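Me: I have a model open and want to learn how to read it. Can you take me through some features?

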Amino acid sequence: MSALPVQTLSPIGVTSGNVWPQIRDPNMHTFLRCWAQWRQPAPRFGPVDAPTGLLPPRRRDIDPIALRHCLPHLWIFRVDPDLRNARLTLAGEEILFYWGRGIIGHDVNQLWNDKQAARLGLDQLVRCAATPAIIHGRPQNHAPKAYGLRIERLMLPLMNDDGSPFGVIGYTLFQRDPDWTKAIQPRLNEMLNIYPLADLPDLPPD
């Protein structure tokens, strides 16, 4: 497969507050809980409009040992300081297998040849990193050639030492549907849920 199908990039529609995403996959849930525990306290002194509460973790706070069972599904995008582009800096084995080609080091325009898909992908990354917010895409059905896929994505923001957006660390779960047939039309463009960090409780439920 030469490129990620455009349909996997769904628009953000529903905003949820005061609750964590409902994650069923145990490894994805571990990823979310670890990230939540690695968040950083906001500075006690700063501008009046400075964010309060817990801020995203930094890139160096991510512990690969704690996420060892998650690594095949993980990816990291680093956003440019002007938020006009983002580049993939890490991709696990499952991510690379899905794309079918080398993608580490590519920016959004190199990853998605379709300009609309690239803009939509960048918009999601920037919203996640700059809001900052969690973005959760529930399973969707896609139809590449002879099999069906259900794709679930969890996008979590990362920050720089100065509190500016670093980028996004994400977990993508691919589930192949053995009952899929070409006669069944896949559901496309399902809405994603966005969870601003300022609205979240302390930790996700066990």
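This is a predicted model: local features need pLDDT of at least 70, side-chain atom pairs count only at pLDDT 80 or more; totals for chains, interfaces and linings use all residues.

Me: Which residues have the most contacts inside the largest nonpolar core?

Reply: A nonpolar core is a set of buried residues joined through side-chain atoms. Here the largest one has 29 residues. Trp75, Phe77, Trp112 and Leu125 have the most contacts inside it. Helix 4, residues 115-130, gives the largest share, 7 residues.

Me: What does Phe77 touch beyond four places away in sequence?

Reply: Its partners include Leu88, Val108, Leu111, Trp112 and Leu125. Phe166, Gly167 and Val168 are also among them.

Me: How far does helix 4 reach from its first C-alpha to its last?

Reply: Compare the span with 1.5 Å a residue. Helix 4 has 16 residues and reaches 22 Å, close to the 22 Å expected. Now look at its start: a side-chain oxygen of Asp114 comes to within 3.0 Å of the backbone nitrogen of Gln116. Buried residues in helix 4 include Gly121, Leu122, Gln124 and Leu125.

Me: Is His136 buried or exposed?

Reply: Under 20% relative accessible area counts as buried. His136 has 1%, so it is buried. His136 sits in strand 6, residues 133-142.

Me: With which side chain does the His136 side chain make a polar contact?

Reply: With that of Glu152, at 2.7 Å. Leaving aside neighbours within four places in sequence, His136 is also in contact with residues including Pro21, Ile23, Leu154 and Tyr195.

How values were computed. Residues are numbered from 1 along each chain as its sequence is written. Side-chain values use heavy atoms; hydrogens and water are left out. A nonpolar core is a set of buried Ala, Val, Leu, Ile, Met, Phe, Trp, Tyr and Cys residues joined through side-chain atoms within 4.5 Å. Buried means under 20% relative accessible area, exposed over 50%, partly exposed in between (1.4 Å probe, protein chains only). Helices (H or I, at least four residues) and strands (E, at least two) are DSSP runs, numbered from the N terminus. Contact means heavy atoms within 4.5 Å. A polar contact is a pair of N or O atoms within 3.5 Å; within protein, one must be able to donate a hydrogen and the other to accept it, and residues adjacent in sequence count only if both atoms are side-chain atoms. The expected span of a helix is 1.5 Å times one less than its number of residues.
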